[in-house]
Amino acid sequence: MDPTQAFCANPACPARGKAGGGNIKIHSHKERRLRCTCCGKTFCASKGTPFYRLHKDRTLFVTVATLLTHGCPPQAIVAAYGLDERTVARWHNRSGSHCQGVHHHHLGSKPLDLQHVQADELYARRQGGRSWMAMAMAVPHRLWLGGVVSPVRNLCLIQRLVNMVRLAWLPGQALLIGVDGLSSYVTAFWRAFREKVMTGQRGRPPYRLPGGVWLGQVVKRYSGRLLKGVLRRVVWGSEEQIQEQLRKTKTGRQINTSYIERLNATFRAGLAALVRRGRALVRQEGTLEKGMYLVGCVYNFCTEHKSLGLRQRRGKKWLQRTPAMAAGWTDHVWSVEELLSFRLPVPLHG
């Protein structure tokens, strides 16, 4: 237990939500409880994490969560560790819900210079149907920006995804957007990024795009299942502006969606329910969404990316970085246990 990183969540405490203030002390090592010297309340060190009121070994919980993020079917975990399938499902949902909160906390509190964003959607088979997962990533940082799940692929699904991108974007910075030929992307990005033009006249003011936002589409033409051709279309901006941004970010020589497609393959390998032909199907969309955030946060915070390595000044060693490190969200590689132990900050007032 590290009391210096903990904070009091008591709504009536004057030091509520403040970490590192010296007001948190260890109350009991055996029961893993902490005490706030300001309000005198004691609380469990694992409160606010998936480990809270866990009746199994903490190491077993971390092991199960790690296996789930590497594509291990829940049935195999049940057979290997003698756990009930409902226990594994409950741990999966608790871990996914926690990772969803961790992701939204960093996404909303730490805007960054995205530079180049790609978005795409993939379908997942469920028992009795299928669902669509739309995801986006910041290409220069290889950072997964989040995803949404819906039973249909429509404008509502794409708009929810684009709103996440808009939340992470630092206004005023140049941004290149690469998507496929789905027309909903153009409408959704326009609604999310447009700004009003105050003309001083009566009536509703007109809208315009902010300067430095460009959008390109990759339209693939098929004949049955055979790819016949690829059309690269500039929707916003000019060909020269897009080429300059691609050169600046070192993310290709032409409009592409290759990075998000590789990330889709990473999620298919890490989430058993996304395997194209398998028996580890999920029943509910909520379960699929929780698994997506569990895999996505482990990818962002715990997985080193070779293309993000930095050469050290001395010697031939390289500093291996995760996408979260490249984006400035953290300064070290997290373990899965550290990810699951992260306590979300609480509002200081209210």
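Predicted model: local features only at pLDDT ≥ 70, side-chain atom pairs only at ≥ 80, totals over all residues.

R247 is exposed, with a relative accessible area of 53%; exposed here means over 50%, buried means under 20%, and partly exposed lies in between, with a 1.4 Å probe and protein chains only. Its side chain meets that of E244 in a salt bridge, at 2.4 Å from N to O. By salt bridge I mean a side-chain nitrogen of Lys or Arg within 4 Å of a carboxyl oxygen of Asp or Glu. E244 is partly exposed, at 40%. Both residues belong to helix α6 (residues 239–249), three residues apart, about one turn of the helix. Helices are DSSP runs of H or I with at least four residues, strands are runs of E with at least two, and both are numbered from the N terminus.

Residues are numbered from 1 along each chain as its sequence is written, and side-chain values use heavy atoms, without hydrogens and water.

How many salt bridges does the rule give? The count comes to six. One of them joins E337 and R58, at 3.0 Å from N to O. This pair links distant parts of the chain, with E337 in helix α10 (residues 336–341) and R58 in helix α1 (residues 58–68), 279 residues apart. E337 is partly exposed at 34% relative accessible area, and R58 is partly exposed at 25%. Another salt bridge brings together D84 and R86, at 2.9 Å. Here D84 is partly exposed at 34%, whereas R86 is exposed at 62%.

Let us turn to the strands. Strand β5 (residues 129–138) pairs with β6 in the antiparallel sense over seven bridges; pairing requires at least two DSSP bridges between the strands. Within this pair, M137 stands opposite W144 in β6. Four residues lie between the strands of the hairpin, where R142 takes a positive phi near 55°. Strand β6 (residues 143–150) is mostly covered, eight of its eight residues being buried.

Finally, R204 is exposed, with a relative accessible area of 72%. Where does R204 lie? Its place is in the loop between β8 (195–196) and β9 (207–208).
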